Amino acid sequence: MNFDARKYVIMAFMLLVGGIYSIRLFYMQVVDDTWTLRAQEIAEKRKEITPPRGVIFDRNGKKIVSNRTYYNLMMVEADIKNLDTVAFAKLIGWTREEVRNRFYEIRKGEGTYKNPHTGKTTSNYQKIRKYPFIKELTLEEISRIAPHLENFPGFYEEVTSMRNYPFSNGANILGYLSEVTREEIEQDRFYKPGNNIGRSGIERYYEKELRGVKGIKYVVTSALNNAIESYADGKYDTTARQADPLRLGMDMLIQAYGERLMQNKKGCIVAIEPATGEILAMVSAPSFDPNLLVGKRNISLNYPKLATDKNMPLFPRPLQAEYPPGSIFKLVQSLIGMQEGVIDENSGFPCDKSVVGCHNHPMASNIQAAVQYSCNPYYYAVMRRIIQQNVKKNMFADAEFGLNKWYDYMLSFGLGKSLEADVSGQRPGVIPNSAYYDKWYGHHRWAFSTIRSISIGQGEVKLTPLQMANIAAIIANKGWFYTPHFVKSIGRNGPHPQYKVKHYTKVESKYFPPVIEGMRRVVNEAGGTARMARIDSMIVCGKTGTVQNPHGKDHSVFIAFAPIHKPKIAIAVFVENSGFGGTWAAPIASLMIEKYLRRKIKDKEKEKRILEAKLSNIESSDDEENQNQAD
Amino acid sequence: MLMLIFGIATVYSVAFNPEHPNIFDFEEKYGKQILWLCVSLFLGLLVFLIDSDIYRKFAFPIYLFVLSLLVLVLFMPPINGARAWIGVGSMGIQPAEFGKIAVSLLLAKYISELSVKQQTIGNVVGAAMILLVPMVLILLQPDAGSFVVFTSFLFVMYREGLTFDPIILAIINSFPGVKMKYTWVGSHFIPILFVAVFLSVITLLLSSVEIDFFFLPFKVSGAMGVIVTLILFAIVALLIIRQFGTKRDRSRGTLIIVLGLILGGGLSFGVGAGFNSLAPHQKVRIELFLGLKEDPNGEDYNRNRAMAAVGSGGLTGKGYNKASVSSVESNHVPESETDFIFCPFAEEWGFLGTIVLIFMYMFMLIRIIVIAERQRAAFNRIYAYCVAMILFYHFAINIGMNIGFAPVIGIPLPFFSYGGSSMMSFSMMMFILLKLDSQRKDVLR
């Protein structure tokens, strides 16, 4: 039998295999690019270099937020040999269980990779890659551990940069950083796991300005994840660039001074430069050292304590606490009344205590006196005229019309809506309009007599301390304001454009002088309610407020600006549960003004009295506090 | 002719060296490889000096010697879990590599000396025994790769008519009333079996993969992909036959192709469907065997990375010494200088490089068969077929596992992979063939 033909079978078989392989190779190498992508994933690592975050200066060029070097203890599991868990745990000051749990945590935390070709899922964790075992060690800690690391192969140190606050002030305004969440990574490709993001305050609002530009270095890596060489000779590499520094309008001197004055008290201080809208100081008391919330370790250690503290140090009161403004509201009422023409400078109303309680003072026969004496019945009368202008025959319809008109004035003063300063987390406060009362009482079921407590800044009206300070700034400017803001300049650029727009109120500047005169008298004339705010040879204009508080002692509030001509500072001080506005808030405001304008305090007695005062038992719980937050 | 084969061998060796393009440092692997090449060439020279008749005469002693080495190696300390190496100084040799030559020689001698009436059960069993003894010894090491390579000799037996047909006939004829002279399936049993195994393995490997044929508007998976490919081949083959075949060839060829297509497609479909209907634990076992599933040895990891390396080569490759995934330093692909040598080559030279490589292998294999067919002596022819089939197996399995078509079993790519034993054994194999060929006119048998 001749088997020669079988050579063709064999040859055909060979050619078949060769042919199939050629097609397969053509498909794999030329047509299908998933393998190329997979190869890039494996070998070409985009090494991202996160630059140190932008630093922040105060208005005088003092560095108030900077960066500091920390150390991570890294591990490569494949390099770990005969780990003496007991000795290692002892070295890093952990228990054996903690060490073991940490290993488990790292392995699990890496997630999985799904192969698009086979649909199989494998863990991303690789024994040959490096992972941080302990993050954010200080120099002291690492220098204690590092010398012994040679006994523990597979562990080594690595350097990282973190926030540092040379001043321990402004914590709840500056905000803090924390690690990005999964959602944030999905939303913004800038972030990679382990990166930090501004979590609150200025850090959050200016996240994009502060984070800088990441450097990208393409390297070819080995299976051990070591860079072997730079890719394409670094042609596509970019260098990391630290963000331009932010310069705040804040004056760290008075910020720190304000926090000192507010020690052992609850409340806040907001100071604004009226001509620019720059925020000079924003004190929230009680506060905390911002360095407590630097880094994952500190956050996990300190955050729960701060968050459960009954005095709520994390709560940024100047932005989020909504208080009834009390008598300081009378300034705005006077202005609106004059602009509406329902009163003029020389309108007088009797102090009829049967309508609303008042203290003993001579009758206010003009605006100046009304402001000076802070006469409650006077402002009931003013508000009645604003609300009930007898434009409509129906009393209820008339009240609705009047209230909405009043509401529009309020909006123009930046009240009843968020001011939109450059800091995250601001509350709008409450200014009721007709819709608000309709909801409460029903349509045309209310009139002035129903809502009259808002006349004197009680009742439904609520303002944030920032808005209160802005009222002082508006009066200082005689009718306009720049939206209060922190950042004066970003690198060589000025503030964001929205902070260069002048906002005019609906009250013409000609109506302001009588109110300002009243405010002058409040501080400087006998019978004024804030004599304690007086500063030698400087005219401070202010207005006290004493906010009735159903839960406890009255809140003390004071807004002021100084000097009377070309005002340099407008300020609002709110001291919770302390009594009359003139007793506590006014002297604190005057000290702040004096410190800012003169850099030193003449009246040491006044300062001493404030510093030593322990107004609220800040150890105990406080209902008012809780209520404010609930609002 | 001599120079041609020699040239091809050299080209492959040179193509290897660029993967490690440093100086001739004998401490390094490329240096050693050059050393091995020199040793191989020296051995080749030695082979050339010896009269070709010696190989035939001493085939049995050589076989016994290698067998004894294979037994000896079982008492050696294991390296990488297998007792495959016999240490000679700092270097080791793998007896299994030389076992291929020994078996080739003895098989050639045995079959060539058989009487004309070849197709007896005794003869088939005799030839099979020559294979089985070293195969069993190799399996004991264990060395699955070499074991599989030894099955290539079945093709040689097939070519020489020593098929399992007598056995199958005996089974069939044992049924009362059946009296057949030969069965088509029986006589072509081996290639059919291998095509079937090949198709099944590919089908299984691709069972969970979506293939995007550029001419089809939808993606197909596994078995369907294989079937589509088969149809393509069938069309091409039909066109070729129409163009070049005689009328008789045409009708017969068409029949074979259509039949093959139907059977192949059916098999592929059946295997795909059968696999999917298996119980999960059975699936896992098969997947483990094929290296599809992640296992403690991380074979899926290797395959995945090897394929990434090959696939990232693109049309023209990343350029010489620019491999990023499979370079030895990066170590993403393990064994990138031995079993996965194809990776760096494919990554650096791209599709143009790989197609040239495949073409060269094809050319070499066909060339060896042409050489085989021009021999006057049956011994020479059979030996040449052994060489061709061994090289083909290495080629098919090695490249196959680099492109996801074969399970990951460690066998080297001839003349390419680093390793002294394989280098020497392939060289000797070729030189013996060349020697036999050069003396073919002297032999009258």
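1. Helices here (H or I, at least four residues) and strands (E, at least two) are DSSP runs, numbered from the N terminus. One such helix is α8 of chain B (residues 153–159), where Phe153(B) lies. Phe153(B) is buried at 0% relative accessibility; buried means under 20% relative accessible area, exposed over 50%, and partly exposed in between, with a 1.4 Å probe and protein chains only. The C-alpha atoms of Phe153(B) and Tyr385(B) are 8.5 Å apart, although 232 residues separate the two along the chain.

2. A word on what you are looking at: this is a predicted model, in which local features need pLDDT of at least 70 and side-chain atom pairs count only at pLDDT 80 or more, while totals for chains, interfaces and linings use all residues. Residues are numbered from 1 along each chain as its sequence is written, chains are lettered from A and ligands numbered from 1 in the order in which they are written, and side-chain values use heavy atoms, with hydrogens and water left out.

3. Let's turn to two helices. Helix α17 of chain B (residues 378–402) has 25 residues and reaches 36 Å from its first C-alpha to its last, close to the 36 Å expected at 1.5 Å a residue; the expected span is 1.5 Å times one less than the number of residues. Because 24 of its 25 residues are buried, α17(B) is largely enclosed by the rest of the structure. Gly404(B), which follows α17(B), has a positive phi near 80°.

4. In chain A, helix α19 (residues 465–477) has 13 residues, and its end C-alpha atoms are 18 Å apart, in agreement with the 18 Å it should span at 1.5 Å a residue. Here 13 of the 13 residues are buried, so α19(A) is largely enclosed by the rest of the structure. Just after this helix, Lys478(A) takes a positive phi of about 60°.

5. Next, the charged pairs. Side chains of opposite charge can pair when their charged atoms come close. In one of them, the closest N and O atoms of Glu105(A) and Arg102(A) are 2.8 Å apart. The two are 3 residues apart in helix α4 of chain A (residues 96–109), so about one helical turn separates them. Glu105(A) is partly exposed at 47% relative accessibility, whereas Arg102(A) is buried at 17%.

6. Another salt bridge joins the side chains of Glu278(A) and Lys488(A), at 3.1 Å from N to O. Glu278(A) lies in strand β14 (residues 278–285) and Lys488(A) in strand β16 (residues 487–490), so this pair ties together parts of chain A that are 210 residues apart in sequence. Glu278(A) is buried, at 7% relative accessibility, and Lys488(A) is partly exposed, at 27%.

7. Arg520(A) and Glu525(A) also meet through their side chains in a salt bridge, 3.2 Å from N to O. Salt bridges that share partners join Arg53(A), Arg163(A), Glu203(A) and Glu207(A) into one network.

8. Helix α2 of chain B (residues 29–49) gives the largest share, 4 residues. Ile50(B) lies in the loop between α2 and α3 (52–57) and is partly exposed at 34% relative accessibility.

9. Finally, some backbone details to look up in chain A. Most residues other than glycine have a negative phi, and most peptide bonds are trans. The bond joining Ala285(A) and Pro286(A) is cis, with omega about -5°, and Pro286(A) lies in the loop between β14 and α11 (295–308). The bond from Ala562(A) to Pro563(A) is cis too, with omega near -15°. Asn264(A) has a positive phi near 60° and is partly exposed at 29% relative accessibility. Ser537(A), with a positive phi of about 50°, is exposed at 69%.

Methods:
Salt bridge = Lys/Arg side-chain N within 4 Å of Asp/Glu carboxyl O.
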